[in-house]
Amino acid sequence: MTVDQKVRELQHFINGSLVDGTSGRYSDVYNPSTGEVIARVPLASREEVITAIENAKAAFPAWKKVSAGKRAEVVQRFRQLVSENIEELIEVICEESGKTKEDAKGEITRGLESVDLAINVAHMTKGEYSVNVGGGINAYSAKYPLGVVAAISPFNFPVMVPLAQTSMAVAVGNAVILKPSEKVPISALYMSNLWKEAGLPDGIWTVINGDKEAVDELLENNTIEAISFVGSTPVAEHIYQKGTSYNKRVAALGGGKNFMVVMPDADLEKTANAFLGAAYGAASQRCMAISGAIPVGKETADKFVAILKEKIANLKVGPYTDETVDFGPVITQQSKDAVLAAINKGIEEGAQIVVDGRNPKISETSKGFYLGPTLLDEVTPSMEIYEKEVFGPARIIVRVESLQEAIDLINDHELGNGVTIFTNSGAAARKFQEEIEVGMVGVNVPIPIPVGYHNFGGLKRSKFGEGYMFGPDQARFFTKVKTISERWLEEDDETASTFSFPSNESGK
Ligand code: NAD
């Protein structure tokens, strides 16, 4: 297959074809490693979104009628095509997101776990059946697809998040409209070609590129039955509130502030190694990135910070084309500016800078959006850098005196996506997992992102609505249940009218 969208005027993917944008509005797509514009993505008007929705609506009834086994075959072929084209897809991800090749491969592999689950659609959507619930009556509940559903994705996982949001939605028989991040639209268009090649009927997978205007139409349009959103907390909250006010099913996953609690009995050398990758990998642009460490006790904190300082000095930042780098740039210049502002504000508020990554040395000519790893110590809960999610490689140390203090601190934070504890004490780990108010909890695991067949989602303001990403919940979220009571009359069966409410008493 060809990557005909590689630099260039990008398009939408509607009704099985790439189509030009007609709104006259565009957004630049950057290669963050070089700072160059590599493409222009059209930003859809409401009319274009309506056209996409109408095409999806028209395609839905036929796809719904295809048996679950046959739908699974298409998803299986799509999976095969992703695997066959993985090197090219890695290149696409790296170019538009700046992440390293290993990291891009990791996101594809993890995304494929949700495709694997979707291939099991027949099993995932089996209903329940009860015989003889009344005289000659059998009852069963069955899952049906919703119709046209939408997914809105963030920039930081151009492949994994869309796969996790859409694979099961397609497999259970819906028509899906994906609105990828306008910062990384090329991966989504690439996947469109693979779905087509896999034999998915036209109109069942749509990519509509755009910004708030396109999202507003998805939120307000009566044909859209459900919305899966993944992005920052303020937008997640807005999507949830607006989407539900239009009577849609909405799962909106937001940001995270994910701490690593370091107990005095932990092996600090190993814990520091775990911290480095989980905290700075992907330039810290992961919703599950470790935002900071909370060492328990002064001695632990002093030793841990000293070890980190030494190890951070060896980290290498640069373009993905250099396979020795540990992480790449942040996504845009605005993003870089926001991280710099967060660091400066932290210092102004009294944090101690241990490692300063504000001016990394890449090359004389590089215009990429690079930041080196930064570590701030003595951060307190009243500081902005503690409160806010920082989506770039500035990490913090918050010192506490006890495990209880660490738990209380984390529970008081408005976000609750991921958390982890490093300890050799079973009792401490047990107390932690019992008392912590965070959705995804690790014990001696640096990034506690669940495997693809478990539900993924945070608590508190990290997730709005009763729905998850990945996992078996996808089969629930993207289907509706009908419960059917069925009786076939025989000639001598009683059919007299009964005016009392049907109950088990009557036996009929
Ligand atoms: P973002 O919220 O800026 O954008 C996400 C999506 O929403 C994009 O498609 C964007 O076009 C759209 N959008 C942005 N502003 C909008 C508005 N006002 N109205 C309607 N739509 C709007 O997020 P991002 O910067 O692309 O991604 C990073 C954020 O996503 C971080 O906060 C990260 O923690 C979070 N994230 C969360 C998870 C999770 O599973 N909880 C996973 C990945 C990323």
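From which domains does the lining of the largest cavity draw at least three residues each? I found that domain 1 (8-254 + 462-482) and domain 2 (258-443) each supply at least three; these bounds come from an automatic or database domain assignment.

**Entry 1: the model.** I note that this is a predicted model, in which local features need pLDDT of at least 70, side-chain atom pairs count only at pLDDT 80 or more, and totals for chains, interfaces and linings use all residues. Residues are numbered from 1 along each chain as its sequence is written, and side-chain values use heavy atoms, with hydrogens and water left out.

**Entry 2: cavities.** I looked up the cavities (on a 1 Å grid over the protein atoms alone, sets of points where a 1.4 Å probe fits but cannot get out; lining residues have an atom within 4 Å of a point). A volume here is the space filled by probe spheres set on the grid points, which are joined across faces, edges and corners. Among the residues that line the largest cavity I recorded Lys99, Phe155, Asn156 and Gln285.

**Entry 3: the largest pocket.** A pocket is an open set of points with protein on both sides within 12 Å along at least five of seven lines. I read a volume of about 1,100 Å³ for the largest pocket. Of its 50 lining residues, Gly231, Ser232, Thr233, Val235 and Glu389 are the closest to its centre. Helix H12 (333-348) is one of the elements that supply at least two residues of this lining, and H12 gives the most, with seven. Helices are DSSP runs (H or I, at least four residues) numbered from the N terminus.

**Entry 4: the ligand.** I counted 26 residues around the ligand, the closest being Lys179, Glu182, Ser232, Gly254 and Glu389; a residue counts if one of its heavy atoms lies within 4 Å. I then listed polar contacts (pairs of N or O atoms within 3.5 Å). A ligand oxygen is 2.6 Å from a side-chain N or O atom of Glu182, and one is 2.7 Å from a polar backbone atom of Ser153.

Definitions and conventions. Polar contact = N/O pair within 3.5 Å; in protein donor to acceptor, adjacent residues only side chain to side chain.
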